[in-house]
Structure formats: structure tokens, C-alpha cells
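Trainee: I've got a new model open and would like to learn how to read its sheets and its ligand site. Can we go through it together?

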Amino acid sequence: MAEQRAALLAAASLFPVPDGARFSYGTAGFRAEGSTMGPAVCRAGMVAALRSVKLGGAAVGLVLTASHNPLRDNGVKIVDEDGGMMSQDWEPFADALANAPNPDALLQIVLKFAKDEDIRLGEGHSAQVLLARDTRPTGEYLLDAAVKGVNAVIGAVALDMGILTTPQLHWIVRCKNKGLKASEMDYFTQVIDSFRCLLKLVPKDKGADVMNNRLVVDGANGIGGLKLEEIKARISGLDIHVRNSGNGEGILNERCGADFVQKEKVVPLGFGPEDVGFRCASFDGDADRLVYFRIVSSTDTRIDLVDGDKILSLFVLFVREQIDIINGNNDEGNKVLPTRFGVIQTAYANGASTDFLENLGLEVVFTSTGVKYLHKKSLEYDIGIYFEANGHGTVLFSDHFVSQLESLTSEFSLKASGSSQHQAAMRLLAASQLINQAVGDALSGMLLVEAILQYKGWSFQNWCDIYTDLPSRQLKVKVQDRTAIVTTDAERRVCQPSGLQELIDGEIANYSHGRCFVRPSGTEDVVRVYAEASTEEAANSLAKQVAQHVERILG
Ligand SMILES: CC(=O)N[C@H]1[C@@H](OP(=O)(O)O)O[C@H](CO)[C@@H](O)[C@@H]1O
Ligand SMILES: [Mg+2]
């Protein structure tokens with residue numbers, strides 16, 4: 001135990017916390033300017049190692065990235081044994097550790113937490129932490145800090161997995177703990193094989209033309225473009241061109257990438273006249289977000305955007321169609337494959353997408369903003385599909401449902417090989433293999449989109465036309481204390497300060513198709529205002545009116 005104490009004190013002394021630094025493990029872990037992140041990352045290494053000890057030595061992940069944020073920033077996120085985000089009950093411990101003012105304070109926090117969590121430090125346990133980073137220049141320095149943090153927990157081993165997309169690391173952690181093949185090569189093989197399988201199952205009359213075959217991808221000058229370059233050559237049936245590939249063309253996330261494209265709705269850097277009219281996809285800096293777009297004309301910077309809501313809607317249509325094919329006309333009690341199907345959105349989902357989904361007869365469930373909430377909810381279903389409007393989302397298949405699908409597929413291959421039911425079951429199985437079961441993943445999500453467009457014989461325009469987005473507007477309001485706003489009903493209504501919701505309701509009543517909500521951001525020191533209405537001007541004006549109320553009340 002003395003050895004353990006000394007190791008923690010020594011590691012903490014290597015990365016002293018500067019005065020006044022305050023970290024909070026928000027929806028995206030810890031984030032700040034990369035060069036200031038050493039202490040928080042070293043301590044996150046300790047948290048990850050202790051988490052692995054607590055989980056009986058299961059692999060835990062630690063990823064160094066600041067996603068869509070500028071190049072100078074960096075961040076750290078911990079991945080739990082199932083490949084999801086670290087359990088929320090550990091966040092206060094992560095906060096306390098990151099903010100401990102000196103090594104002694106840190107030691108006391110660890111000792112108390114270990115006692116409360118029944119973690120017997122120094123008693124011959126094992127722990128393993130898999131580390132990955134994106135392409136940021138501070139990545140290597142922070143990797144060293146993380147390794148030192150992990151190694152400060154005696155018995156813990158740090159394994160550097162190299163430069164990966166965030167979803168690759170989540171995938172690797174999940175597979176490793178399930179005893180499955182879990183290397184980066186295994187990831188590529190699984191993604192490519194399941195994509196090929198889906199293409200083989202495209203109905204013969206749906207052959208794509210040249211226009212539909214071409215796909216131009218904005219890699220945000222980050223890790224996603226580099227990985228896509230690696231797998232491109234192994235994919236046929238799709239003519240992929242990568243822009244902002246991360247090979248030194250431009251600066252990470254600067255006027256490019258999924259966040260920029262979705263928020264600004266203009267052509268990203270790196271695209272030119274030769275891309276006009278073609279289907280384009282955009283990843284964010286760590287490739288866990290995906291949006292699509294099309295450049296309208298070479299003289300116009302505007303784009304047609306397909307955001308996370310429309311990707312979700314495409315996935316819903318595909319999955320529903322396969323389930324309907326399998327179940328045929330059988331009524332409720334006699335279904336071959338009864339399926340609890342969940343569709344999960346946040347308040348930021350465009351109202352037109354929610355209407356579209358509800359008109360399909362589906363119940364749409366809402367959660368608070370942040371992948372951890374959406375993901376958790378999706379796990380309650382046989383198939384749970386979730387997306388944030390910003391392009392983060394995936395399709396989750398429960399283990400039970402996948403094993404049912406597997407038996408059904410074998411049954412069909414004996415009794416009705418090649419039947420439409422057999423093919424539908426194989427499509428769902430391939431989709432469950434392709435799309436990341438741990439977290440939203442731009443690479444595999446994009447391949448699923450592409451396979452579905454080919455399956456349906458759809459152009460980009462067909463996809464755009466499934467519904468028309470309502471004009472929306474987002475504003476940020478700087479206030480003294482954003483936590484003074486407390487929300488309810490999946491953040492769609494304010495309960496504190498009293499009176500604010502009534503003012504918002506009063507404004508909404510003046511607009512056709514008006515919808516508006518405010519909430520404190522979990523990642524920035526601002527209150528976010530979202531408004532939607534039937535015209536652009538109306539959405540702008542509703543957002544502005546409500547922002548003024550927020551400013552006046554919270555100052
Ligand atoms: C409106 C918006 O886009 N919010 C983003 C943003 O959260 P805020 O809590 O709104 O700051 O960052 C989160 C983490 O990346 C992401 O999950 C979420 O969708
Ligand atoms: Mg990201």
C-alpha cells in the first residue's frame with residue numbers, strides 16, 4: 001500500500017495543476033487547450049485504471065481528442081467495458097480528481113473513493129487501459145501523461161493502440177471484452193465484409209448509375225479521412241473521393257467537417273466546381289459524426305444539407321422495411337420476428353423529422369442532449385436507433401435479437417433459401433455487423449447509408465425529399481450562471497427560473513409551427529436557444545425574442 005501511495009503522489013507531482021484551473025467531466029469528457037491538459041489527462045489515466053480494477057480487470061478505453069473543436073484544443077474521454085461512455089456515477093470522482101489542488105489532496109480523494117467503491121488498492125489486482133488519440137499535435141504529449149496516470153495504479157497496464165478514430169477505440173474495447181477479434185484490422189475487415197454483403201443483397205433492378213456511384217467525403221483534415229483512404233481501395237461499387245483527408249491539405253476542422261457543415265450550412269474548404277451536384281459526406285475531426293450535403297451551384301456557397309435526423313429517418317425506413325418483409329402479413333400475435341423498435345431523438349431534432357417518423361406510426365422517444373443519454377435509452381429495445389441532429393448516432397441491435405436473427409437466417413437458408421424473407425434477415429444481420437454497436441461512427445454509418453441508397457435505388461434528391469426541414473435557428477447567450485436554468489421533459493421545458501417558460505410560451509404562440517426551448521450547454525459556458533418556425537425569418541425572430549428574455553432574466 002505504501003508503494004501504491006508513493007506511485008500516485010509521484011505521478012501527480014509530474015503534472016501540477018495550475019492555479020485556478022477547473023475541469024468538469026461534461027458530455028464530452030474533459031476539454032481545454034491541449035497544452036494545459038496534462039494534469040487532467042494524467043488523472044483521467046488514473047480514473048480509467050481504477051475503473052478497470054473495479055470491473056475486475058476488464059479493458060477500459062481512454063481516447064485523446066477534442067472532436068470538432070479547433071486544432072489547439074484537446075480532450076480526454078473514458079470508455080467503459082461495454083464500449084460506451086464511462087458510467088455517469090464515476091463522473092463526480094473524475095471531476096474531484098482532476099481538480100485536486102495538489103498530490104496530497106489527490107491521494108486522499110483516491111483513497112476515500114477506493115474505500116467507498118470497495119476497490120482494494122495494492123492487492124494484486126489487474127487492470128488494462130487501451131489508449132488512442134486523434135491527429136492533434138498535443139496528442140503525443142498527452143499520451144505520455146495518460147500512460148503515467150495509468151501506471152500510477154499498481155497492476156494496471158497501458159496499451160497504446162495508436163492513432164484511431166474515436167469510434168474505432170470504442171469498438172475495440174467492446175469487442176475485446178466480449179472475447180471477439182478486436183484489432184484495428186479486424187474492425188476494417190468486419191466493416192468491409194458486411195458492406196460487401198449488403199451490396200450483394202441489393203435487388204438486381206436497382207443498379208446505380210455513375211452519378212449515384214460517386215461520393216465525395218470531407219474528412220475535416222482529421223483522422224477519419226486518413227482511415228477512409230485506407231479502406232477505400234478495398235471497397236468496390238462506390239467511387240469515393242476524399243477531400244480534407246488529413247494528409248496536410250488544410251487545418252483540422254477549420255471551415256470544414258461535419259460540425260461546420262451542419263451549423264454554417266455552407267460549402268466546406270477543399271471542395272470545388274467539380275463537386276457540384278454530387279453526393280457529399282462530411283465527418284468531424286474524430287469521425288464520430290456524419291452529415292451529408294450537396295453543393296447547389298459553383299457560384300453559390302449554400303448547400304442542401306442532410307443532417308443526423310434525415311440519416312436516422314433513412315435507417316428507420318430500411319430497418320422497418322426488412323422487418324415487414326420478414327413478418328409478411330402476419331398479425332401481431334403471429335409475427336415471425338416480433339421486434340421492439342425504438343426511435344430516439346433530442347429536442348434539437350428538426351420538428352419535420354419527428355412528424356415524419358410519427359406519421360410512419362412510430363413512437364419517438366426524447367432524451368436529454370448528449371450521446372450517453374440517447375445510447376442508454378436505445379439499449380432498452382431490440383433495435384434502437386438514435387441520432388443527434390449534428391450527425392452523431394447509430395443503430396443498436398440487442399444480443400437477444402441478433403441471436404434470433406441468426407437462427408431465423410439459418411432456418412430460412414434451409415427452408416426458403418434466397419427468398420425475400422431470407423434476404424431481409426441477412427440484410428439486418430449485415431447491418432448489425434456493419435454499424436458500430438458501441439457509439440456513433442461516421443465511417444461505418446456512411447457505408448450503411450451508401451448500402452441503403454443502393455438498395456432503394458435512391459438518388460440524393462430522393463433522400464432529401466422524404467420531408468422538408470423546418471427552418472431553425474440556434475443562438476448562444478452568455479449569462480452569469482447558466483446553471484440557474486433547470487429544465488424538464490427532456491430539456492424541452494424550463495422549470496427554473498420561474499416565469500421564463502411562460503415568456504417562451506408567449507413568444508411561441510405568435511408563430512406558425514413555432515417551437516422553442518432553452519438549456520444550459522453541457523460543453524460551453526453559454527445558454528443555448530433553439531427556435532423553429534415555418535420561415536427562416538420567423539425562426540430567427542423567435543430565437544432572438546427568447547434570447548432577449550434569457551438575457552434580461554439571467555443577465
Ligand atoms: C446543440 C448541440 O449540438 N449540442 C452538442 C454539444 O452539447 P451541449 O451540451 O449543447 O454543449 O456537444 C455535445 C458533445 O459533443 C453533443 O452531444 C451535443 O449535441
Ligand atoms: Mg466528434
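Trainee: What is the strand order in the open sheet of 5 strands?

Mentor: Keep in mind that this is a predicted model. Here's the general idea: strands of a sheet pair through backbone hydrogen bonds, either parallel or antiparallel. In this case the order is β7-β6-β8-β9-β10, and the pairing is mixed. β7 (239-243) and β10 (303-306) sit at the edges with a single partner strand each, so one side of each has no neighbour in the sheet. From one strand to the next, the twist averages 30°.

Trainee: How many bridges join β9 to β10?

Mentor: There are 4, and the two strands run antiparallel.

Trainee: Which strands does helix α16 touch?

Mentor: Helix α16 (residues 442-456) packs on the sheet against β6, β8 and β9, with its direction at about 55° to that of β9. Helix α9 (residues 223-232) lies across β6 (214-218), β7 and β8 (279-283), running at about 150° to β7.

Trainee: Now the ligand. Why does ligand 1 lie between domain 3 and domain 4?

Mentor: Both domain 3 (309-445 + 453-464) and domain 4 (472-554) give residues to its shell, so ligand 1 lies between them. Of the 13 residues around ligand 1, the nearest are T27, A28, S521, G522 and T523. By type, the shell has 3 nonpolar, 7 polar and 3 charged residues.

Trainee: What separates the centres of those two domains?

Mentor: The distance is 32 Å, taken over C-alpha atoms. Their contact takes 10 residues from domain 3 and 10 residues from domain 4.

Technical notes: Residues numbered from 1 in each chain as written. Chains lettered and ligands numbered in written order. Predicted model: local features only at pLDDT ≥ 70, side-chain atom pairs only at ≥ 80, totals over all residues. Near = placed C-beta within 6 Å. Nonpolar A, V, L, I, M, F, W, Y, C, P; charged D, E, K, R; others polar. Domains from an automatic or database assignment. Contact = placed C-beta atoms within 7 Å. Pairing = 2+ DSSP bridges. Axes fitted to C-alpha atoms, helices over the stretch in contact; angles between N-to-C directions.
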